[in-house]
Amino acid sequence: MGILEKISEIEKEIARTQKNKATEYHLGLLKAKLAKYRSQLLEPSKKAEKGEGFDVLKSGDARVALIGFPSVGKSTLLSTLTHTESEAASYEFTTLTCIPGVIQYKGANIQLLDLPGIIEGAAQGKGRGRQVIAVARTADLVLMMLDATKKDVHRSLLEKELESVGIRLNKRRPNIYFKIKKGGGIAFNSTCPLTKIDEKMVQMILHEYKIFNAQVLFREDCGAEDLIDVISDNRVYLPCLYCYNKIDQISIEEVDRIARQPNSVVVSCNLKLNLDGLLDQLWEELALIRVYTKKPGQPPDFDDCLILRRGVTVEHVCHAIHRTLADAFKYGLVWGTSTKYSPQRVGSNHVMADEDVIQVVKK
Ligand SMILES: Nc1nc2c(ncn2[C@@H]2O[C@H](COP(=O)(O)OP(=O)(O)OP(=O)(O)O)[C@@H](O)[C@H]2O)c(=O)[nH]1
Ligand SMILES: [K+]
Ligand SMILES: [Mg+2]
């Protein structure tokens with residue numbers, strides 16, 4: 001039996017197994033098996049299926065991958081937001097390779113990748129699904145483009161495809177400490193009550209992965225799937241923005257309903273509706289911030305900013321300015337929303353905010 005058949009057998013078995021106390025171990029084991037086969041399926045693809053036209057160099061401050069069914073308007077969006085033209089047409093699979101463009105926004109260069117449309121079964125290699133998914137894994141954010149005139153099944157189908165190859169959208173890594181050891185068996189512990197898993201199931205899942213010595217500490221109430229995610233090293237956790245296009249074709253009530261969904265933005269590429277709103281939300285989801293620098297006795301340099309991630313410290317800023325600056329750092333003077341006073345003297349672990357100005361004082 002091939003891996004694909006094994007996967008489909010297990011999927012069928014999971015579907016027909018009733019969920020209850022008596023079957024939970026069995027289900028946990030099936031899920032572990034499923035995850036194992038799926039990762040086997042992905043292994044050989046790394047080299048063999050790279051595919052021509054998909055090796056695009058990473059550039060700029062962040063990378064965004066456009067993922068969606070055929071003809072939802074991905075190429076139209078790229079041509080509208082960047083100086084790059086990507087052919088758009090009314091027939092499916094117009095785009096066959098990865099086409100990079102650059103969005104210039106608030107001083108940042110955001111690389112936007114137009115990709116072929118993907119369909120159900122993409123993860124198993126249908127269409128150019130595997131190559132597309134491989135590119136998505138390298139992105140800082142997935143911009144999932146959807147046709148607002150179509151039903152939401154498209155969205156769940158795409159989510160399932162990405163899910164099945166280890167891409168987790170808008171989810172953080174489960175808070176489970178996991179470390180393989182040389183001996184000593186499985187040391188299992190938790191810092192909170194667990195309602196979805198117990199020691200026996202943890203053991204079973206680890207054994208399925210041929211792990212017999214490990215330290216496992218649950219720091220939140222996670223289940224079998226979370227544990228499997230932590231064991232598997234091919235998981236990526238990405239923010240996802242759902243972009244509903246073609247709102248020129250639907251009622252205002254429908255637009256309003258979609259726009260209220262979490263992580264969603266509504267646009268019309270053809271009529272250029274709400275593209276500013278899309279850029280704004282992209283900026284937010286990418287968690288980018290601008291930091292301006294200032295030399296002593298001079299006004300801040302507002303023409304040139306550093307583009308960094310939310311949560312960066314003064315130390316990061318020093319590294320971004322020059323690699324030797326962190327060593328020479330004495331203290332910083334910061335003007336902006338991250339401080340109580342402007343300016344305020346700060347140490348190297350002070351956290352910066354968007355549009356802060358900093359002057360670095362050296363030893
Ligand atoms: N009504 C409407 N049509 C649009 C809009 N944006 C794009 N389209 C149309 O949708 C069709 C497909 O657009 P593309 O940009 O080629 O779509 P794609 O997602 O790149 O398609 P593939 O590359 O084939 O996967 C074209 O006929 C576009 O003119 C929009 O906002 N409203
Ligand atoms: K198309
Ligand atoms: Mg296209």
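**The core and its domains**

Mentor: Let's start with the layout: taken over C-alpha atoms, the centres of domain 1 and domain 3 are 34 Å apart. The domain bounds, which come from an automatic or database domain assignment, are 62-170 + 236-285 for domain 1, 175-221 for domain 2 and 288-362 for domain 3. Bear in mind that this is a predicted model, where local features need pLDDT of at least 70, side-chain atom pairs count only at pLDDT 80 or more, and totals for chains, interfaces and linings use all residues. Residues are numbered from 1 along each chain as its sequence is written, while chains are lettered from A and ligands numbered from 1 in the order in which they are written.

Now the core itself. A nonpolar core here is a set of buried Ala, Val, Leu, Ile, Met, Phe, Trp, Tyr and Cys residues joined through C-beta atoms within 7 Å, buried meaning that 20 or more other C-beta atoms lie within 10 Å of a residue's own, with C-beta atoms placed from the backbone. The largest one holds 64 residues, and A65 and C243 have the most contacts inside it. Its top contributor is strand 4 (residues 141-147), with six residues; strands are DSSP runs of E, at least two residues long, numbered from the N terminus. Domain 1 and domain 3 each supply at least three residues to this core.

Zoom in on C243: beyond its neighbours within four places in sequence, its contacts (C-beta atoms, placed from the backbone, within 7 Å) are L143, M144, M145, L146, V265, V267 and L278. Another core, of 17 residues, lies apart from the largest one and includes A35, F218, A224 and I228.

Terms used. A residue is buried if 20 or more other C-beta atoms lie within 10 Å of its own, exposed if 12 or fewer, and partly exposed in between; C-beta atoms are placed from the backbone. Helices (H or I, at least four residues) and strands (E, at least two) are DSSP runs, numbered from the N terminus. Two residues are in contact if their C-beta atoms, placed from the backbone, lie within 7 Å.
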